[in-house]
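Here's a quick tour of a protein chain for someone new to reading structures. Have a look at the sequence and the 3D view first, then come back for the notes.

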Amino acid sequence: MFATTPLRIVAVSAGLSQPSSTRLLADRLAAATRERLAAEQDRHVDVHVIELRDLAVDIANHLVSGFPSAGLREAIDAVTEADGLIAVTPVFTASYSGLFKSFFDLIDHTALTGKPVVIAATGGTARHSLVLEHALRPLFAYLRAVTVPTSVYAASEDWGSSGDEYTEGLPSRVRRAGGELASAVLGRTVSGASRALGLDDGEDAVVPFEQQLADLRLD
């Protein structure tokens, strides 16, 4: 029997094209998170994907006027009220896109405090994968969110590749990131504290939020 309040997972996609590999990566991460959450507890899981390309004009107007449209206000509320967040951007000029940054500029710097987040990015070449560490992870650290250890970068050659004996393929990285987000959501929601996350998702000890921040490490 499902509990009355569903778990809310929100994915933010900053892809500009349609179809978009950025949206596809957001969908796969959301599906992996939903699958793990459904397997580990009996609450309903709501997944909502926000396409920033549809809000681009509203974001620009809000930046200059200070007044959000109804649709933009709804998107901001969905992000701040989510139990877990997935944030995916295409790489532009070796960083996150301007649209991605402009949207998160509109969110109060304390509104994401303690919220579990998966960061992810797409690009044409693997050479830009460090954008996750030098741009996205510091952004969400400033917003006081807790990014899970596994970040996901998808270059053009990653799609359809299962990896090899030396390198994890994209599907396994997506599953691992989704599992870590699900574990963080359950630890934060059920106990009111965050639990330590391991690569094998087998560490179930509940630890204080400050300790989790100290334990998080880069990929």
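The notes below go from the whole chain down to single residues.

This is a predicted model, in which local features need pLDDT of at least 70 and side-chain atom pairs count only at pLDDT 80 or more, while totals for chains, interfaces and linings use all residues. Residues are numbered from 1 along each chain as its sequence is written, and side-chain values use heavy atoms, with hydrogens and water left out.

**The whole chain**

- The chain has seven helices and seven strands (DSSP runs numbered from the N terminus: helices are H or I with at least four residues, strands are E with at least two).
- Out of 219 residues, 48% count as buried (buried is under 20% relative accessible area, exposed is over 50%, and partly exposed is in between, using a 1.4 Å probe and protein chains only).
- Take the contacts with a separation of 6 or more: 75% of them are between residues 24 or more positions apart (a contact means heavy atoms within 4.5 Å).
- The accessible surface is about 10,500 Å², and carbon and sulfur atoms hold 54% of it (areas come from the Shrake-Rupley method with a 1.4 Å probe, and for residues only the protein chains shown count as cover).

**How confident is the predictor?**

- The mean pLDDT is 85, and 81% of the residues reach 70 or more (pLDDT is the predictor's confidence in each residue, from 0 to 100).
- Over residues 191-219, pLDDT stays under 50, and the model has 58 contacts beyond four places in sequence for that stretch.

**The nonpolar cores**

- The largest nonpolar core has 37 residues, and V79, F103, F104 and F140 have the most contacts inside it (a nonpolar core is a set of buried Ala, Val, Leu, Ile, Met, Phe, Trp, Tyr and Cys residues joined through side-chain atoms within 4.5 Å).
- Elements giving two or more residues to this core are β1 (7-13), α3 (70-81), β3 (84-92), α4 (98-105), β5 (116-123), α5 (131-142) and β7 (152-155).
- Which element gives the most? That's α5, with six residues.
- Apart from this core lies another one, of 26 residues, including L37, V49, V118 and A120.
- Leaving out residues up to four places away in sequence, V79 touches V10, V12, I50, L85, F103, F104, I107, L112 and K115.

**A look at helix α5**

- With 12 residues, α5 reaches 16 Å from its first C-alpha to its last, close to the 16 Å expected at 1.5 Å a residue (the expected span is 1.5 Å times one less than the number of residues).
- Its buried residues are V131, L132, E133, A135, L136, R137, L139 and F140.
- The cover over the buried residues of α5 includes β3, β4 (95-96), α4, β5, β6 (146-147) and β7.

**Salt bridges**

- A search of the whole structure turns up nine salt bridges (a side-chain nitrogen of Lys or Arg within 4 Å of a carboxyl oxygen of Asp or Glu).
- E51 pairs with R23, their closest N and O atoms being 2.9 Å apart. E51 sits in strand β2 (residues 45-51) and R23 in helix α1 (residues 21-40), so this pair ties together parts 28 residues apart in sequence.
- E51 is buried at 16% relative accessible area, whereas R23 is partly exposed at 26%.
- R73 and D77 form a salt bridge at 3.3 Å, N to O; both lie in helix α3, four residues apart, or about one turn.
- D105 and K101 meet at 2.6 Å, N to O, and they are four residues apart in helix α4, about one helical turn. D105 is partly exposed at 43% relative accessibility, as is K101 at 26%.
- Shared partners join R23, D27 and E51 into one salt-bridge network.

- The peptide bond from Q18 to P19 is cis, with omega near 5 degrees, and P19 is in the loop between β1 and α1.
- T93 has a positive phi near 50 degrees without being glycine. T93 is in the loop between β3 and β4 and is exposed, at 81% relative accessible area.
- A94 has a positive phi too, near 60 degrees. A94 lies in the loop between β3 and β4 and counts as partly exposed at 36% relative accessibility.
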